[in-house]
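Open your viewer and get ready to click along. We will go from one stop to the next, selecting a few things at a time.

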Amino acid sequence: MEMSHRSDEFVSIATKAEQDLRDLLDIPSNYKVLFLQGGASQQFAQIPLNLLPENGSADYIDTGIWSQKAIEEASRYGHVNVAATAKPYDYFAIPGQNEWQLNRDAAYVHYAPNETIGGLEFNWVPETGDVPLVADMSSDILSRPVDISRFGMIYAGAQKNIGPSGIVVNIIREDLLGRARSLCPTMLDYKVAADNGSMYNTPPTLAWYLSGLVFEWLKEQGGVAAIGKLNEVKQRTLYDFIDASGLYSNPINKTDRSWMNVPFRLADDRLDKPFLVGAEARGLLNLKGHRSVGGMRASIYNAVDIHAVNALVAYMAEFEKEHG
Ligand SMILES: Cc1ncc(COP(=O)(O)O)c(C=O)c1O
């Protein structure tokens, strides 16, 4: 932690972390990788400050709580067109692109491929032609292969599949740099960050270092394709069990279900507490759903292996036998 960010030691840590991420995601050379601060939530403002001209308009897709937060924040800086919303589907399904009202002159299209709280995930990439596609991949980055060239910009808060909180990874196509509004703070200007190798000021060196270790670990696992196969099995194990059970349910349209965040309910919510107490006694932690939606949620990020999912399913079956 005492290492200067300008030292050779740290610069080599930072450079290796970036290269490993480039290898893992096969990031084309015309994209910059930035390591920023402020969490994904700061990006909700930073995106319009950099990419939305004063009299311009941006398209946003609403599929849940995080997309709505992005919409609310962007609306402070310019015109936001909500081109599609999952509201008519009670946020249990993603509207097909044939239902979207995209604006051909939009500065960009923003969406959240995985809604962490609702458990709704795109298994397809929207087609936006020449309009840059901006994606909040905070909770699904590195979970399975993705074609970076389809995106203008991808951003992800680190604290799910990357590393500790305090750092945000931003993958941005070079032609989108240098468009910041005049009132954009220097610290939030993507071009300033890019020109300074994400070191305009002191970066979160420890979080950067630890993220680099996670990238190394992921490479040892066989990379994103290999972890994607494991994630496919993990989510299928859990959803298949839920669908076959009489006690647990997940309301999300089958093709729009999240691989990383599996929300589920018990048939009687008076069983929630005993379920959680029993789970905790077995070392199955953090299963309580987000306070805004209740119920349960199993977040099965890359660090959760199949044995943990099997242990959860075994406990759920046991609990159902007792209380179902
Ligand atoms: C999809 C998504 N976007 C944004 C955020 C906000 O991230 P942060 O707390 O880093 O601002 C989260 C956090 O859980 C998230 O899951």
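Start by selecting Asp 23 and Lys 219, whose side chains meet in a salt bridge with N to O at 2.7 Å. A salt bridge here is a side-chain nitrogen of Lys or Arg within 4 Å of a carboxyl oxygen of Asp or Glu. Follow the chain from each partner: Asp 23 sits in helix H1 and Lys 219 in helix H5, 196 residues apart. Helices (H or I, at least four residues) and strands (E, at least two) are DSSP runs, numbered from the N terminus. A search of the whole structure finds 17 salt bridges.

Before moving on, a word about what you are viewing: this is a predicted model, in which local features need pLDDT of at least 70 and side-chain atom pairs count only at pLDDT 80 or more, while totals for chains, interfaces and linings use all residues. Residues are numbered from 1 along each chain as its sequence is written, and side-chain values use heavy atoms, with hydrogens and water left out.

Next, colour residues 8-220 as domain 1 and 223-323 as domain 2; these bounds come from an automatic or database domain assignment. Their C-alpha centres lie 27 Å apart. The contact between them (heavy atoms within 4.5 Å) takes 26 residues from domain 1 and 23 residues from domain 2.

How much area is buried between domain 1 and domain 2? It is about 2,100 Å², with carbon and sulfur atoms giving 58%. Buried area is the accessible area (1.4 Å probe) that two parts lose on being put together, summed over both. Now show Phe 92, Ile 117 and Arg 144: they supply 25% of the area that domain 1 buries against domain 2, more than any other three residues.

Stay at this interface and look for links. The rule finds zero salt bridges across it, but 13 residue pairs are in polar contact, both residues at pLDDT 80 or more. A polar contact is a pair of N or O atoms within 3.5 Å; within protein, one must be able to donate a hydrogen and the other to accept it, and residues adjacent in sequence count only if both atoms are side-chain atoms.

Last stop: the ligand. Residues around it (a heavy atom within 4 Å) include Phe 44, Trp 66 and Asp 136. Select Ser 41, where a side-chain N or O atom is 2.6 Å from a ligand oxygen. For Gln 159, the side-chain value is 2.9 Å, again to an oxygen atom of the ligand. At Ala 40, a backbone N or O atom lies 3.0 Å from a ligand oxygen.
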